[in-house]
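Here is a short report on the packing and the open space of one protein model. The sequence and structure come first.

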Amino acid sequence: MASIEVDEFLPQPPARVWQALTDPALLARWLMPNDFKPVIGHAFTFRTDPVPQQGFDGIVRCEVLDLEPPRLMRFSWRGGNLDTVVSWSLVPEGTGTRLLITHDGFDDTDPAQRTVMGILGGGWRGHLIRQLGTLLGGDQA
């Protein structure tokens, strides 16, 4: 199995980063529209544009697996041919936060999953981290 790993420093304190990760309205602003609740066992969805050629209907089906505010959240991530897990770990660092994102469970022997892993890896490391940083840099979070 293969994983995507992101290690990003954010200049905001962990409580503020945690809010951006767990408030459904804020989460929708930097990640995707959702019906998330920070409760272990809560099933929720993220919604985005379908990608029929990848067998993806635009819905990521998730369930909160672990929650340790304000330092750890794990949730399942199922969509298209994926059945994976995303973990967010927050570590205080000075006056800011080290955010560690791990998206694991990819079958690196499956060409379709390798393709999706590349797309999602670019998203986690690029656009999404920038969106989160922009949100946190404003007064909204």
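## Basis

This is a predicted model, in which local features need pLDDT of at least 70 and side-chain atom pairs count only at pLDDT 80 or more, while totals for chains, interfaces and linings use all residues. Residues are numbered from 1 along each chain as its sequence is written, and side-chain values use heavy atoms, without hydrogens and water.

## Nonpolar core

The largest nonpolar core holds 39 residues. Such a core is a set of buried Ala, Val, Leu, Ile, Met, Phe, Trp, Tyr and Cys residues joined through side-chain atoms within 4.5 Å; buried means under 20% relative accessible area (1.4 Å probe, protein chains only). Trp30, Phe46, Trp77, Trp88 and Trp124 have the most contacts inside this core. Helix H3 (residues 111-137) gives the most to it, with 8 residues. Helices are DSSP runs of H or I, at least four residues; strands are runs of E, at least two.

Leaving out residues up to four places away in sequence, Trp30 touches Trp88, Trp124 and Leu128, among others. Contact means heavy atoms within 4.5 Å.

## Largest pocket

The lining of the largest pocket comprises 14 nonpolar, 8 polar and 2 charged residues. H3 gives the most to this lining, with 8 residues.

## Leu136

Leu136 lies in helix H3. Leu136 is buried, at 1% relative accessible area. Leu136 and Val91 are 45 residues apart in sequence and 16 Å apart in space, C-alpha to C-alpha.

Key
Buried < 20%, exposed > 50% of the residue type's maximum accessible area, 1.4 Å probe, protein only. Nonpolar A, V, L, I, M, F, W, Y, C, P; charged D, E, K, R; others polar.
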